[in-house]
Amino acid sequence: MAPDELADSDDALLMARTGRGGRDAFAALIRRHQRAVLAIAYRFLGDRSEAEDVAQEVFLRLWDAAPRYRPDKPLPAFLRTLTVHLCLDRRRKARPLVLMDELEPTGSQNPEAELNAAERRRALFAALSRLPSAQRMAVVLFHMEGLSVREVAGLLETSPKAVESLLSRARSALRDDLGATLSAQRPAQRAEGFSEPAR
Amino acid sequence: MRCRAARKRISALGGPAYGALDSALSDHLSSCSGCAEEYRRHVALLGYLASEMPVPPFRDLAPSVLAALPARRVAWGNAWRWGVAAVLVLGALSVGYLMGGYWFSPSSAPSSSGMASTYQEALSGLPSGSVEIAYVSTVSPASNPGEAR
């Protein structure tokens, strides 16, 4: 199959080909889903190389699982489950994370705004890293990845009520931790930031 | 409403159970500057969470993942072809044997040393000089007509 055709094929077809040892199909799957996997891993772990390690492990496990894959479960959900479990597992075993060593620029034209944004990101990440793993993962999945409470509950293998509680405690802790940074934010940014998710 | 309950409600904002400020919380915020500030910080936090953790561009992982793949599945993936080929070859050999091809039977196939002694025996029984004639007669007249005459 030509690369263009592979890129247009649906996940089930690519998984079937991957299950028979098709490396081209597998590469197409990786390219299609790597950003979503890396986003969760990076936001949770806060480190680029650790996120890449986790993502690589996720895709290696996907390769192993491909012959037994049933298309009734959407692949993105399957990959998210693998990613969340591997991230939590890694954090359980590894040293506590202190701070992201690199913070990506936002591409702003204003150097002062860029500096402020970088400082805010640094402060936010430091505060996130001090949260317990489950709270932190709940924040990443709900606030950053835009999943519903029910989806987060499924991934964390807990009840929606427990997720709401995790989120509430996490927001309270972050608010306390980021007190000065949050107070210094301009009103326009605050107004823009507040939008009640309809989930 | 007390401050403790108000702050608990504020923390829940941004989740699915609380769509908007209820009147009790709203009344409390308008009368309590501490909780009003807490609410402002909470709103700012929600803005941060939504926008302050952009995912940087990552390299394409496909080459490194493919390089790290174990080779075993590919080998087993093609194993059935080798299995079919082996069965076909064995089947062909069995059919050849059953159809009476003595060349498959070790007992009926003459060895090279056996063949040599058979020829020697045959030649020793011939009268002197006839060995040459026997040799010439084995050469096809068409292939060497001059010598045959």
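A: In this predicted model, the contact of α7(A) with α8(A) is formed by A:Ala134, A:Met137, A:Ala138, A:Leu141 and A:Phe142 on the α7(A) side, which meet A:Val149, A:Val152, A:Leu155 and A:Leu156 on the α8(A) side. By class, this contact comprises nine nonpolar residues, with no polar and no charged ones. As to geometry, two packed helices are described by the angle between their axes and the distance between the axes. For α7(A) and α8(A), the axes come within 10 Å and cross at roughly 140°. Because angles over 145 degrees would be needed for a roughly antiparallel pair, the two helices count as oblique to each other. The crossing in which α7(A) passes α8(A) is right-handed.

Both helices also take part in the surroundings of another element, α5(A). The buried residues of α5(A) pack against α7 (133-144) and α8, and likewise against α3 (23-45) and α4 (48-65) of chain A. These buried residues are A:Leu79, A:Arg80, A:Thr83, A:Val84, A:Leu86, A:Cys87 and A:Arg91. Helix α5 itself covers residues 75-93 of chain A, 19 residues in all. From its first C-alpha to its last, α5 reaches 27 Å, close to the 27 Å expected at 1.5 Å a residue.

The backbone of A:Glu157 has a positive phi of about 55°, although the residue is not a glycine. A:Glu157 has 10 C-beta neighbours inside 10 Å, and therefore counts as exposed, the cut-off for that class being 12 or fewer.

Helix α2 (residues 11-19) and α3(A) pack at an angle of about 140°, with their axes 7 Å apart. That angle makes α2(A) oblique to α3(A). Here the crossing of α2(A) past α3(A) is left-handed. On α2(A), the residues involved are A:Asp11, A:Leu14, A:Arg17 and A:Thr18, and they meet A:Ala25, A:Phe26, A:Ala28 and A:Leu29 in α3(A). The residues of this contact divide into five nonpolar, one polar and two charged. The α3(A) helix is also among the elements against which the buried residues of α5(A) pack.

Along the sequence, chain A accordingly reads α-α-α-α-α-α-α-α-α-α-α. Of its 199 residues, 37% count as buried. Among contacts in chain A between residues at least 6 apart in sequence, 61% join residues at least 24 apart.

Chain B has nine helices and zero strands. From the N terminus on, its elements run α-α-α-α-α-α-α-α-α. Buried residues make up 18% of the 149 residues in chain B. For chain B, 39% of the contacts between residues at least 6 apart in sequence join residues at least 24 apart.

Notes
Residues numbered from 1 in each chain as written. Chains lettered and ligands numbered in written order. Predicted model: local features only at pLDDT ≥ 70, side-chain atom pairs only at ≥ 80, totals over all residues. Buried ≥ 20, exposed ≤ 12 C-beta atoms within 10 Å, placed from the backbone. Helix = DSSP H or I, 4+ residues; strand = E, 2+ residues; numbered from the N terminus. Contact = placed C-beta atoms within 7 Å. Expected span 1.5 Å × (residues − 1). Axes fitted to C-alpha atoms, helices over the stretch in contact; angles between N-to-C directions. Parallel < 35°, antiparallel > 145°, perpendicular 65-115°, else oblique. Left-handed = near helix turned anticlockwise from the far one by under 90°. Nonpolar A, V, L, I, M, F, W, Y, C, P; charged D, E, K, R; others polar.
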